[in-house]
Each structure stands twice: as structure tokens, then as C-alpha cells.
Amino acid sequence: MLAIVEDDASARAALISLVGALGFTGLGFPDAASFLAFEDLDEVRCLIADVRLPHISGIQLHHRLRAAGRELPTILITAYPDPVSSRNAIAAGIQAYLAKPVQPDELLAHLHAILGP
């Protein structure tokens with residue numbers, strides 16, 4: 001299962017649909033807090049999170065998971081890509097930093113690199 005943390009409901013629904021079309025199961029969360037409260041975190045194989053989320057950003061969520069001992073592969077998505085943020089995210093252990101709208105082939109390539117074919 002892929003967890004999708006996106007505060008925009010229509011964008012979240014579109015990402016869930018996209019990962020479904022790519023052959024994965026996606027479960028959506030409106031914010032980091034609801035994801036962190038999810039009881040089946042061990043079932044999540046990859047996290048796809050918006051960079052700009054209310055209260056806890058996508059990168060802060062990644063750091064919280066790591067601090068809690070969870071090495072969950074993470075893909076960040078953003079409508080406001082910038083090279084400095086991208087480099088910082090990758091340096092922090094984020095597997096990919098993608099611009100919205102997410103391109104299906106690009107997302108699939110990253111998911112295969114993270115999870116295998």
C-alpha cells in the first residue's frame with residue numbers, strides 16, 4: 001500500500017486514482033497528523049507527500065518518521081518546485097522530489113526503483 005498525504009482533496013483523489021492505474025493501492029490522508037495516527041503504518045510501503053501541508057510539512061513528516069525509527073521510502077510532490085529544496089530533500093533521504101502535476105511515467109519509474117518491478 002502507498003500512503004498519499006495531500007491536503008487538497010481533488011489532488012489527493014487524483015493521486016490515488018493514478019497509483020491505482022499504475023497497479024498500486026493508494027490510501028489517502030488529508031494531513032500528516034492523520035497519517036501518523038494510522039494504525040497500520042507497517043503496511044505502508046511508500047509515502048507520497050505534498051511538500052506544503054498544514055502544520056507538518058512533507059519533509060518534516062519524513063524526519064518524524066525517521067526519528068521514530070521508521071525508514072519509510074518517501075516521495076515528495078510540490079506545485080512549487082525549486083532546485084534548492086529538491087537538493088535538500090534528497091540529501092535528507094527523500095527518494096524523489098516531483099513537480100505537480102505528477103507525470104505518470106516519472107512516478108512509476110520512481111516507484112519501481114523504490115519497490116521493485
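The model is predicted, so local features need pLDDT of at least 70 and side-chain atom pairs pLDDT 80 or more, while totals for chains, interfaces and linings use all residues. Residues are numbered from 1 along each chain as its sequence is written, and side-chain values use heavy atoms, without hydrogens or water.

**First stop: the phenylalanines.** Select F29, F35 and F38, which form one aromatic cluster. Rings of Phe, Tyr and Trp (its six-membered ring) pair if their centres lie within 6.5 Å; planes under 30 degrees apart are stacked, over 60 edge-to-face, and the rest tilted. F29 and F35 are edge-to-face, 5.3 Å centre to centre with 75 degrees between the planes. F29 and F38 are edge-to-face too, with centres 5.2 Å apart and planes at 65 degrees. F29 is buried at 6% relative accessible area, and F35 is buried at 0% (buried is under 20%, exposed over 50%, partly exposed in between, with a 1.4 Å probe and protein chains only).

**Next: R52 and Y80.** The charged end of R52 sits over the Y80 ring, 4.1 Å from its centre (NZ of Lys or CZ of Arg within 6 Å of the ring centre and within 35 degrees of the ring normal).

Which residues of α5 are buried? They are L107, L111 and L115. On the other side of α5, D105 and A113 are exposed. Finish at G116, which follows α5 and has a positive phi, near 90 degrees.

Terms used
Helices (H or I, at least four residues) and strands (E, at least two) are DSSP runs, numbered from the N terminus.
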